[in-house]
Every structure is written in structure tokens, then in C-alpha cells.
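Reader: I like to know what stands behind each label before I use a model. Could you take me through the terms one by one?

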Amino acid sequence: MSLTKDFPRADLSHLPTPLELLKNVSAEFGARVWIKRDDCTGLAFGGNKSRQLEFYIGQALQQGADTLLTTGAVQSNHVRMTVAAARKMNLEVEVQLEHRVDREQPEYHHSGNPYLVKLMGAKIHYYPVGEDEAGADQALEDRAAELAREGHKAYVIPLSNAHTPYGALGYVDGAEELMGQLREMQIEPASFIVPTGSASTHCGFLLGVRACGSKAPVHGVCVRRDSSSQQQRVSTKLQAVIETIGLPIEIPDSDIICDDSMLAPGYGLPGSATIAAIRYLARTEGILLDPTYSGKAFAVLLEMLKRGDFKAEDQVVFLHTGGAASLFAYPELVENE
Ligand SMILES: Cc1ncc(COP(=O)(O)O)c(C=O)c1O
């Protein structure tokens with residue numbers, strides 16, 4: 001079964017990504033903890049965004065676009081991977097970096113993702129506000145109009161929930177891939193843990209898992225908004241994806257779990273539990289998380305394991321969405337110990 005087979009798609013990722021047992025973590029806590037390595041999708045350090053970009057760029061190519069436009073935070077992995085995808089598909093690319101995180105450290109502005117964006121030669125615009133999705137999208141549309149006047153055809157990969165979330169199709173597909181791997185290994189998952197930001201990953205994943213017949217909770221970990229705003233966002237996007245695919249399935253709001261316990265001090269700012277979780281996984285398994293997304297999601301999983309939320313026979317799956325390129329922008333992860 002592939003729910004997304006009728007949509008245009010660009011081949012950008014190394015798929016399927018591995019599903020691995022975290023042996024040392026499992027030995028410490030009892031439950032069997034699996035990790036879906038979507039940090040290994042390839043494409044300039046990999047990450048969840050390459051699955052999403054396959055569908056955006058599939059549509060861009062179908063429409064005959066010659067330029068990609070997108071927006072994100074200064075340390076956005078999405079921006080970095082959009083630039084890499086554009087280069088791979090021989091498209092021009094312009095990105096807009098938003099002032100979303102108050103960090104003065106030079107590493108935040110010059111190392112990690114923005115360094116790689118410059119290395120890949122994207123044209124960079126700056127947007128002075130961090131919490132204005134509609135405005136940020138409009139600025140992209142304005143730039144697309146300018147490019148049209150110069151004879152180009154730009155494809156905008158937007159940010160806000162007002163647009164058809166083609167990117168979420170990547171995670172409907174990603175969940176189908178994972179469910180196939182679990183079936184083959186005869187693993188009945190008790191729970192999934194995923195980060196939830198723009199919500200494309202969360203809603204696509206939840207839809208894919210339910211369409212494959214699993215009723216296991218999909219635990220979304222908020223990285224940008226509190227749980228009630230994020231729940232609404234996932235719900236809206238989920239309905240839009242269900243309509244886009246034309247699937248006869250109903251997923252009630254009560255099935256959308258958004259946990260904001262690791263959100264503080266805010267988007268792009270790791271709290272002490274997140275820093276501890278990043279250090280822990282690096283030191284027990286040699287796996288690199290990031291301070292904005294996967295580190296917060298793993299920190300929630302660690303709390304659940306420590307609290308004894310899972311029984312010894314439970315199989316838990318953590319979706320590693322990548323992001324480690326931004327580690328270089330956060331020197332505090334190895335300082336002040
Ligand atoms: C590494 C990483 N994980 C998770 C997310 C969140 O994914 P989504 O925006 O689909 O909710 C992002 C988004 O930028 C990301 O870069």
C-alpha cells in the first residue's frame with residue numbers, strides 16, 4: 001500500500017532509513033527502545049525535511065519552476081535541506097531567515113545551518129520578525145512576483161497552515177515505511193515519540209500509522225507552541241492532508257497528543273533536561289540529537305522511561321528527525337558542565 005503514490009515526487013532521500021534498537025538505553029530502562037534513523041536520509045546531513053521536500057519539489061518540477069523560495073529560523077534545518085535539494089535538482093534557490101530566536105552568540109548566526117546554506121550558495125534574505133508566519137509567507141510571494149517580472153518561475157514552500165501541506169505526505173509515506181519494518185521484525189509498538197513543529201511530520205506520521213492499523217499513541221513533543229495551540233495546528237493540517245489524499249479515515253482530536261513539557265525556555269532554546277538528553281544519547285549510543293527538535297523529543301522520552309511509563313516488554317519507537325548540524329551553534333552543550 002502506498003497512500004501517496006499518485007503525487008508527483010522528487011527522489012532526494014536515502015530510503016528506507018534504518019530502524020535500530022538503542023541497546024544501551026534499553027538495557028538501562030527495561031523497555032525496548034527503537035530509533036527510526038530519519039537523521040540518515042542523506043541530503044547535506046539528512047533529516048525529516050528531505051521526505052517533505054520530495055513532495056514539494058515533485059510539484060515544483062511538475063509546474064516548471066526554476067527557483068525555490070522558502071523561509072525559516074536562522075538555524076533552520078528545513079532551509080538548509082531545501083538549498084541542498086535545489087542544488088541536487090539543478091534549481092535556483094533563495095531563502096528567508098527569520099529573527100525567531102534571541103541569541104547573540106556569533107556561532108548561532110554563522111555556524112551550523114547558515115554556514116552550510118552559504119556554502120551551498122543560496123541567496124539569503126532576512127525577515128525581522130520571528131512569529132509572523134503569514135507575513136513571512138507573504139514576503140516569499142512578493143519575491144516570487146518580482147522574480148516572475150524578471151522571467152523566472154518560482155515555487156514557494158510556505159510555512160503557515162493556510163496552504164496545502166504537501167510536505168506531510170512525506171510522513172504518511174515515512175510511517176508506512178516504518179510500519180512495514182516493524183511488521184517484518186514482528187514488533188508491536190506500544191508508543192511512538194515524534195517532535196511537532198510546523199506539524200507536517202506529526203500529522204503525516206499519525207495519519208500513516210493509523211492508516212496502517214496501529215492504535216499505538218503517537219506522542220508529539222512541542223518545540224514551538226504550547227500544547228493547545230499545537231493541537232489545533234495538527235488537527236487543521238491533518239484534515240487538510242486527509243482531504244488531499246482523499247482517504248476515508250477519521251482521526252479524532254483526542255488522538256492528537258501534544259506534550260509541551262520540554263518547550264521552555266522557548267523555540268530554539270534548550271532547557272537543562274534537553275541539554276542532558278542530548279549529552280546522554282551522545283554518550284550512551286554515539287547518536288547526535290539537536291537542541292531545537294530531536295533533543296526536546298528525546299528528553300520527553302527519557303522522562304517517560306525514568307517515570308516507568310513503559311513495561312519491560314513494551315516496544316517504543318523514537319523518530320529521529322535529525323538537526324545535528326545546529327549543534328555547532330550551541331557551544332553551551334559542551335561548556336559549563
Ligand atoms: C530536525 C527537525 N526535527 C523536527 C522538525 C519538526 O518537523 P515539522 O516542522 O514537520 O513539525 C524540524 C522542523 O524544522 C526539524 O528541523
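Author: Gladly; what follows is a set of questions about labels, each answered from its definition.

Reader: How do you know which local features may be described here?
Author: This is a predicted model, in which local features need pLDDT of at least 70 and side-chain atom pairs count only at pLDDT 80 or more, while totals for chains, interfaces and linings use all residues. Residues are numbered from 1 along each chain as its sequence is written.

Reader: What makes a residue part of the shell around the ligand?
Author: The test is that the C-beta atom, placed from the backbone, lies within 6 Å of the molecule. The shell around the ligand has 19 residues, and the closest are Asn77, Ser198, Tyr293, Thr321 and Gly323. Helix 3 (77-88), strand 7 (191-196) and helix 8 (200-211) are the elements that give two or more residues to this shell. Helix 8 provides the largest share, three residues. Helices (H or I, at least four residues) and strands (E, at least two) are DSSP runs, numbered from the N terminus.

Reader: What classes of residue does the shell around the ligand have?
Author: It has three nonpolar, 14 polar and two charged residues. Here Ala, Val, Leu, Ile, Met, Phe, Trp, Tyr, Cys and Pro count as nonpolar, Asp, Glu, Lys and Arg as charged, and the others, Gly among them, as polar.

Reader: Why is the ligand shell said to lie between domain 1 and domain 2?
Author: Both domain 1 (19-47 + 164-333) and domain 2 (49-157) give residues to the shell, so it lies between them. The domain bounds come from an automatic or database domain assignment. The C-alpha centres of the two domains lie 24 Å apart. Their contact takes 26 residues from domain 1 and 23 residues from domain 2, where contact asks for C-beta atoms, placed from the backbone, within 7 Å. Helix 7 (residues 166-184) gives the most to the domain 1 side, with seven residues.

Reader: How do you know that the length of helix 7 agrees with expectation?
Author: The expected span is 1.5 Å times one less than the number of residues. The 19 residues of helix 7 should therefore span 27 Å, and its end C-alpha atoms are 28 Å apart, which agrees. Helix 7 is also mostly covered, with 15 of its 19 residues buried.

Reader: What makes strand 7 and strand 8 a pair?
Author: Strands pair if DSSP finds at least two bridges between them. Strand 7 and strand 8 (residues 218-222) have five bridges, in the parallel sense, and Thr196 has Cys222 in strand 8 as its bridge partner. Strand 7 also runs parallel to strand 10 (residues 315-320), joined by three bridges, with Ile193 opposite Phe318. Five of the six residues of strand 7 are buried, so strand 7 is largely enclosed by the rest of the structure.

Methods:
Contact = placed C-beta atoms within 7 Å. Buried ≥ 20, exposed ≤ 12 C-beta atoms within 10 Å, placed from the backbone.
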